[in-house]
Amino acid sequence: MRKTLIHSFFLSGRKAGRYNFRFLAIACVCLLGGGMTGFAQNAKVKEYLDQSASAFTKAGALSAYFTMNIKDVSNKITESFDGTIELKEAKFHMDTPDMETWFDGKTQWVLQKKWDEVNVSEPKEQEIQSIHPAFIFSIYQKGCSYKYLGEKKDTKGRKVQELELIPRAKGSELAKIVMQINADDFMPAKIHIFYKNKIENIIYIHKYQKKLNLADSAFVFNPKNYPNVEVIDLR
């Protein structure tokens, strides 16, 4: 099998059955990041972040269409893919070209499309914190320093506030996150993640659908829809 940046991004090892869900962590952090130098500036950025978190909560069940670019700066390699994500309370469903993931708040199913197999697991609380927005809301309150980068225009010409988020935690693989918050509805428009290993992920959020009526079954893997897929229970 050809190893790609996309596979490396999502997978930390097929045999171990463990997956790297950095995308969701990133998508979550984008709702929360930011900051300025000095008390007054920090207070202003805190206002942006509070408004963004509030906008996410008020959106209720939602879906988003995104494009992600993965860059290996050291080796000058770039790959790109589109995807969709649905969110409802602690639940999510994400679909990308290589993988499809369901999480019902307790159990997680990861379908590896090229291998025709589904890995089933029950993430621990620490793992959940890296895959769902609701668990990331405290990041901008206690886990990062912030910097305000100014008011700008995004790729669609929309007015956005650009913020920089720098993790304080020792041993974090993240160097920084630069995000753009839509000035009109405070929803994220772009997230640029810089890793210490010289990998960069750039996520463009093209559109949202808010206040959706999503059934709980949308966040559970249904084997009847995938009769030829092998199910591997890692619990």
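**Figure 1. Salt bridges across the whole structure.** A search of the whole structure finds 12 salt bridges. A salt bridge here is a side-chain nitrogen of Lys or Arg within 4 Å of a carboxyl oxygen of Asp or Glu. The model is predicted: local features need pLDDT of at least 70, side-chain atom pairs count only at pLDDT 80 or more, and totals for chains, interfaces and linings use all residues. Residues are numbered from 1 along each chain as its sequence is written, and side-chain values use heavy atoms, with hydrogens and water left out.

**Figure 2. The salt bridge between E200 and K71.** The closest N and O atoms of E200 and K71 are 4.0 Å apart. E200 lies in strand β11 (residues 199-209) and K71 in strand β1 (residues 62-72), so the pair ties together parts that are 129 residues apart in sequence. Strands (E, at least two residues) and helices (H or I, at least four) are DSSP runs, numbered from the N terminus. E200 counts as buried, at 13% relative accessibility. K71 counts as partly exposed, at 29%. Buried means under 20% relative accessible area, exposed over 50%, and partly exposed in between (1.4 Å probe, protein chains only).

**Figure 3. The salt bridge between D216 and K88.** The N to O distance is 2.9 Å. D216 lies in the loop between β11 and β12 (230-233), and K88 lies in strand β2 (residues 77-88), so this pair ties together parts 128 residues apart in sequence. D216 counts as partly exposed, with 42% relative accessibility.

Figure 4. D95 sits in strand β3 (residues 91-95), and K113 in the loop between β5 (108-112) and β6 (117-121). The two residues are 18 apart and link distant parts of the chain. D95 is partly exposed, with a relative accessible area of 25%. K113 also counts as partly exposed, at 29% relative accessibility.

**Figure 5. Aromatic pairs and a charge over a ring.** The structure holds four aromatic pairs. The rings of W102 and F221 have centres 5.2 Å apart and planes at 65 degrees, so the pair is edge-to-face. Rings of Phe, Tyr and Trp (its six-membered ring) pair if their centres lie within 6.5 Å; planes under 30 degrees apart count as stacked, over 60 as edge-to-face and the rest as tilted. W102 is in strand β4 (residues 99-103) and F221 in the loop between β11 and β12, 119 residues apart. W102 counts as buried, at 5% relative accessibility. F221 counts as buried at 7%. One aromatic cluster is formed by W102, F221 and Y226. In another part of this view, K176 lies over the face of F194, at 4.8 Å from the ring centre. The criterion is NZ of Lys or CZ of Arg within 6 Å of the ring centre and within 35 degrees of the ring normal.

**Figure 6. The open sheet of 12 strands.** The strand order is β7-β8-β9-β10-β11-β1-β2-β3-β4-β5-β6-β12, with mixed pairing. Two strands pair if DSSP finds at least two bridges between them. The edge strands, β7 (144-153) and β12, each pair on one side only. β1 and β2 run antiparallel, joined by 11 bridges. The bridge partner of M68 is F81, in β2.
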